[in-house]
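Please read it alongside the sequence and the coordinates.

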Amino acid sequence: DPTHPLWSNRTGVPEPSGAAFLEAMVAQVASPVHWQQDLADMRAADPTGLIEGLPGGTLGGLAKHELTGVPAVALRDAADLPAAAELITKNEANAQ
């Protein structure tokens, strides 16, 4: 299971487990997203970083405008994975 919250656009809330996130991602293909709910819940959770899953860019860009000052990485391809790992490492170091 993940050690950091995994938010699903399908439900608009963080998923409780890796299996639930995978199920939500599969179902999301044929479901509407709950982007406004995502943003409201993320803002309330006071995030320290945002990593947008594939195909990344659009929603992460919108989130950056709503979650001012929160560092974000959009995963567009494998070349973006080091930046995502760096963001996670920085956040874990700052949490200690």
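In this predicted model, Met42 is in contact (heavy atoms within 4.5 Å) with Trp7, Trp35, Pro47, Leu50 and Leu67, once its neighbours within four places in sequence are left aside. Met42 is found in helix H2, where helices (H or I, at least four residues) and strands (E, at least two) are DSSP runs, numbered from the N terminus. At 6% relative accessibility, Met42 counts as buried, a class that means under 20% relative accessible area, with exposed set at over 50% and partly exposed in between (1.4 Å probe, protein chains only).

Residues are numbered from 1 along each chain as its sequence is written, and side-chain values use heavy atoms, with hydrogens and water left out. Because the model is predicted, local features need pLDDT of at least 70 and side-chain atom pairs count only at pLDDT 80 or more, while totals for chains, interfaces and linings use all residues.

**Helix H2 and its partners**

Which residues of H2 are buried? They are Trp35, Asp38, Leu39 and Met42. Seen down the axis of H2, these buried residues fall within an arc of 95°, so they line one face of the helix; the arc is that of the directions from the helix axis to the C-beta atoms. An α-helix has 3.6 residues a turn, so residues three or four places apart point the same way. The face of H2 turned away from the buried side carries the exposed residues Gln36 and Ala44. On the buried side, the residues of H2 pack against E1, strand E3 (50–52) and H3.

Helix H2 (residues 35–45) packs with helix H3 (residues 58–66) at an angle of about 45°, and their axes are 11 Å apart; here axes are lines fitted to C-alpha atoms, for helices over the stretch in contact, and angles run from 0 to 180 degrees between N-to-C directions. H2 and H3 are therefore oblique to each other, given that angles under 35 degrees count as roughly parallel, over 145 as roughly antiparallel, 65 to 115 as roughly perpendicular and the rest as oblique. The crossing of H2 and H3 is right-handed, which is to say that the near helix is turned clockwise from the far one by less than a right angle. From H2 the contact is made by Trp35, Leu39 and Arg43, and from H3 by Leu59, Leu62, Ala63 and Glu66. Sorted by class, the contact of H2 with H3 has 5 nonpolar, no polar and 2 charged residues, where Ala, Val, Leu, Ile, Met, Phe, Trp, Tyr, Cys and Pro count as nonpolar, Asp, Glu, Lys and Arg as charged, and the others, Gly among them, as polar.

After H2 comes Asp46, in the loop between H2 and E3. Asp46 has a positive phi of about 55° although it is not a glycine. Most residues other than glycine have a negative phi. Asp46 is exposed, with a relative accessible area of 60%.

**Loop residues**

Ser8 lies in the loop between strand E1 (6–7) and E2, and at 0% relative accessibility it counts as buried. Leaving out residues up to four places away in sequence, Ser8 touches Val13, Glu15, Ala24, Gln28 and Asp38.

Ser17 is found in the loop between strand E2 (14–15) and helix H1 (18–28). Ser17 is buried, with a relative accessible area of 17%, and, neighbours within four places in sequence aside, Ser17 is in contact with Asp1 and Pro2.

Val70 lies in the loop between H3 and strand E4 (72–74) and counts as buried at 17% relative accessibility. Not counting residues up to four places away in sequence, Val70 touches Pro47, Thr48, Gly49 and Leu50. Asp77, in the loop between E4 and helix H4 (81–95), counts as partly exposed at 43% relative accessibility.

The table lists C-alpha separations for some of the residues discussed above.

| Residue pair | Separation along the chain | C-alpha separation |
|---|---|---|
| Ser8 and Pro32 | 24 residues | 11 Å |
| Met42 and Gly69 | 27 residues | 13 Å |
| Val70 and Thr89 | 19 residues | 15 Å |
| Asp77 and Pro55 | 22 residues | 7.8 Å |
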